[in-house]
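Good morning, and thank you for coming.

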Amino acid sequence: MSADWATIFKAYDVRGIYPDQLDEDAARRIGLAFATWTGADRIVLGRDCRLSSPSLAAAFTDGATRGGADVTDIGLATTDMVYFASGRLATPGAMFTASHNPSHYNGVKLCLAGAAPVGQDTGLADIRRLAEQDGGETGRPTGRGAVRPQNMLEPYLEHLLGFADVRRFAEFTVAADAANGMAGLVVPPLFERLPVKLVPLYMDLDGTFPNHPADPIQPENQVDVKRAVAEHGADLGLAFDGDADRVFFVD
């Protein structure tokens, strides 16, 4: 298919219905375009748990490596994990996710080294132009890049724990609703290291979002965490979106 470029390129990311608006060919072109535009030796790549994310990420990898960039694949990740890895590894990053959108959507968020944002006015329009031209196609004389897996979960958890002295935490009870999204990757191992009782809701990663959409701004998607706060006498409730870069608080 020919990607619906005008529709899927938004102000700050790429996002659309899979596969009608965004498919593997488009992801491959965007990967090549991103590698060409950045000129980076390496790109860090993560993905959410949507059913289409593995094939889209693989296609992006094919394009990026064809453009001469190595790909550091951190696998399943939250968007903030990709931004963290971009800073820690000093390399541009890409995260396949459609955030709070329904399961039949997907997309990609892009950043420069140090997690510097890429939006319409900071390169996304240029990447779209290259992608429409089959990614720039020229590549680099270095040849095809390599793919290297790297687990960033443990360094990311250590980074999070560095924000506060957990020894001073009160013994709170916290209800957390991951909505079967990527918060389920981070919240359980993080809370194991906190002196806090966790009431977990929908922590299993499931890109079909079987319990409710991962869109916590909608009141109907707050019902379960509100109920859990009341039933368990929790001090706080947390409701995450699909890629866990936003959280809503319930008192």
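In which helix is G87 found? G87 lies in helix 4, residues 79–89; helices (H or I, at least four residues) and strands (E, at least two) are DSSP runs, numbered from the N terminus.

A word on the basis of this talk. The model is predicted, so local features need pLDDT of at least 70 and side-chain atom pairs count only at pLDDT 80 or more, while totals for chains, interfaces and linings use all residues. Residues are numbered from 1 along each chain as its sequence is written, and side-chain values use heavy atoms, with hydrogens and water left out.

Let us stay with G87. Because its relative accessibility is 41%, G87 counts as partly exposed; buried means under 20% relative accessible area, exposed over 50%, and partly exposed in between, with a 1.4 Å probe and protein chains only. Leaving aside residues up to four places away in sequence, G87 touches G114 and A115, where contact means heavy atoms within 4.5 Å.

I turn to helix 5, residues 124–132. Its residues L124, I127, L130 and A131 are buried. They sit on the same side of helix 5, because they cover an arc of only 120° around the axis; the arc is that of the directions from the helix axis to the C-beta atoms. The cover over these buried residues includes helix 1 (5–8), strand 1 (14–17), helix 2 (24–38) and strand 5 (105–112). After helix 5 comes D134, whose phi is positive, near 65°.

Next, a pair of helices. How do the axes of helix 6 and helix 7 cross? The axes of helix 6 (residues 153–161) and helix 7 (residues 183–191) come within 11 Å and cross at roughly 60°. Helix 6 is therefore oblique to helix 7: angles under 35 degrees count as roughly parallel, over 145 as roughly antiparallel, 65 to 115 as roughly perpendicular, and the rest as oblique. Axes are lines fitted to C-alpha atoms, for helices over the stretch in contact, and angles run from 0 to 180 degrees between N-to-C directions.

Which residues meet here? From helix 6, L153, Y156, L157, L160 and L161 meet L185, V186, P189 and L190 of helix 7. By class, this contact of helix 6 with helix 7 has nine nonpolar, no polar and no charged residues. Ala, Val, Leu, Ile, Met, Phe, Trp, Tyr, Cys and Pro count as nonpolar, Asp, Glu, Lys and Arg as charged, and the others, Gly among them, as polar.

Thank you for your attention.
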